[in-house]
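Trainee: I have not looked at this one before. Can you walk me through it?

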Amino acid sequence: RAVAMSVSHSSRLNKLVREQYMRLPQDGRVQVTYVWIDGSGEGVRCKSRTLDREPKSIEDVPEWNFDGSSTAQAEGSNSDMFLVPVCMFRDPFCLDPNKLVLCEVLKYNRKPAETNLRHTCKKVMDLVKDSHPWFGMEQEYTLLGINGHPYGWPDNGFPGPQGPYYCGVGADKVYGRDIVESHYKACLYAGVKICGTNAEVMPSQWEFQVGPCEGIEMGDHLWMARFILHRVCEDFGVVATLDPKPMTGNWNGAGCHTNYSTEEMRREGGLKHIEAAIEKLSKRHDYHICVYDPRGGRDNSRRLTGHHETSNIFEFSAGVANRGASIRIPRQVGQDGCGYFEDRRPAANCDPYAVTEAIMRTTVLNETGVETKDYADH
């Protein structure tokens, strides 16, 4: 009874009945689901339309619009917002030939909406394209029942202390693997560059990894992976939260560790370029903390305490194989003398466009201080 009460009502609808309709032919027409980031900078929204033929490229998907006053992105008196398609994926929910399309949001005057952080990220990535930046982001998240309590946790208590849950196996150690494996397969079908998954340190907490992706592709693929996660969870009747510290107390928080390299770092002798980049990051710690969660560092302050495998939010640190540092150089990279490094500061609810843009501004464009340069005229 306790488990049944923790899932949504809609998840209990008869899915076999739904399948009867999902198998009906479409007579050549295609359902396209437009996906965008809402005014919170964290939530995703979607709506669908019919096209007369299957789009073969993003250019075949027309612009659309939506009511921004209902997504905290506009006032009711001037509420129309533009949806500009930027990246297309196969639809794992309605299946081929249907599509999921990630969109940028523009205001009535065609300027980017406040939470459209892709717009400036794309400019920066175009500027630094010759350095061939690769990213891989590790998205941690926590499964909650519809009542907001971690899924599978006792109703009036806590599970045993952390220890047996990380990469765990067994009904008493992991909760919700069906969701995790369904999400993985859905991402593979969609064409999202998901590259792995594992159970995390806190029970009901999981992680998936996306990458390697080059440039703007990192943000595009992680945002679509998040949309697919929320959509899969909807089918199962539970909630995925990206809150960086969903449970107070002696429990791990949730991050979005970001692995990064340039072509120079990946070549023989690249370690010196890795160390040079880390030196630049060390002098711009406050700027990065401000953009590594949607609330200027306030969310991360609950997580980056110096405990539970985190660095202290007020201090910059780096080390080989050190999970308590701001920046970790993997042991293998230290041995090989080239490769990549991991920025462990981004919060689980960070915007990947903001994170990857900030890293490029600091390490390749050599920006300093807390102000950013406007490259609009370059």
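Mentor: First, a term: a residue is buried under 20% relative accessible area, exposed over 50%, and partly exposed in between (1.4 Å probe, protein chains only). This is a predicted model, in which local features need pLDDT of at least 70 and side-chain atom pairs pLDDT 80 or more, while totals for chains, interfaces and linings use all residues. Residues are numbered from 1 along each chain as its sequence is written, and side-chain values use heavy atoms, without hydrogens and water.

Trainee: Fine. How is the chain divided?

Mentor: Into domain 1, residues 10-115, and domain 2, residues 125-364. The bounds come from an automatic or database domain assignment.

Trainee: And what separates the centres of the two domains?

Mentor: Taken over C-alpha atoms, the centres of domain 1 and domain 2 lie 26 Å apart. The contact between the two (heavy atoms within 4.5 Å) takes 21 residues from domain 1 and 23 residues from domain 2.

Trainee: Let's go to the start of the chain. Where is Ser6?

Mentor: Ser6 is in the loop that runs between α1 (2-5) and α2 (15-22). Helices, at least four residues of H or I, and strands, at least two of E, are DSSP runs numbered from the N terminus.

Trainee: Is Ser6 buried or exposed?

Mentor: Ser6 counts as buried, because its relative accessibility is 11%.

Trainee: Which residues does Ser6 touch?

Mentor: Leaving out residues up to four places away in sequence, Ser6 touches Gly145, Ile146, Tyr151 and Gly237.

Trainee: New topic. How many salt bridges are there in the whole structure?

Mentor: The search finds 25 of them. A salt bridge here is a side-chain nitrogen of Lys or Arg within 4 Å of a carboxyl oxygen of Asp or Glu.

Trainee: Give me one. What does Lys99 meet?

Mentor: The side chain of Lys99 meets that of Glu54 in a salt bridge, 3.0 Å from N to O. The pair links distant parts of the chain, 45 residues apart: Lys99 belongs to strand β5, and Glu54 to the loop between β2 (44-51) and β3 (64-67).

Trainee: Why does Lys99 count as buried?

Mentor: Because Lys99 has a relative accessibility of 8%.

Trainee: And what about Glu54, how does it count?

Mentor: Glu54 has 28% relative accessibility, so it counts as partly exposed.

Trainee: Another pair, please. Which residue forms a salt bridge with Asp96?

Mentor: Arg90 does, and the closest N and O atoms of Asp96 and Arg90 are 2.6 Å apart.

Trainee: Why is Asp96 partly exposed?

Mentor: Asp96 is partly exposed because its relative accessible area is 39%. Arg90 has a relative accessible area of 33%, so Arg90 is partly exposed.

Trainee: What about Arg345, which side chain does it meet in a salt bridge?

Mentor: That of Asp343, at 2.9 Å from N to O.

Trainee: Are Arg345 and Asp343 buried or exposed?

Mentor: Both Arg345 and Asp343 are buried.

Trainee: Last one. Which residues are linked in a network of salt bridges?

Mentor: Two arginines, Arg295 and Arg302, are linked in a network with Glu42, Asp243 and Asp299.

Trainee: Then I will go back over the pairs. Where do I find the one that links distant parts of the chain?

Mentor: Look at Lys99 in strand β5 and at Glu54 in the loop between β2 and β3.
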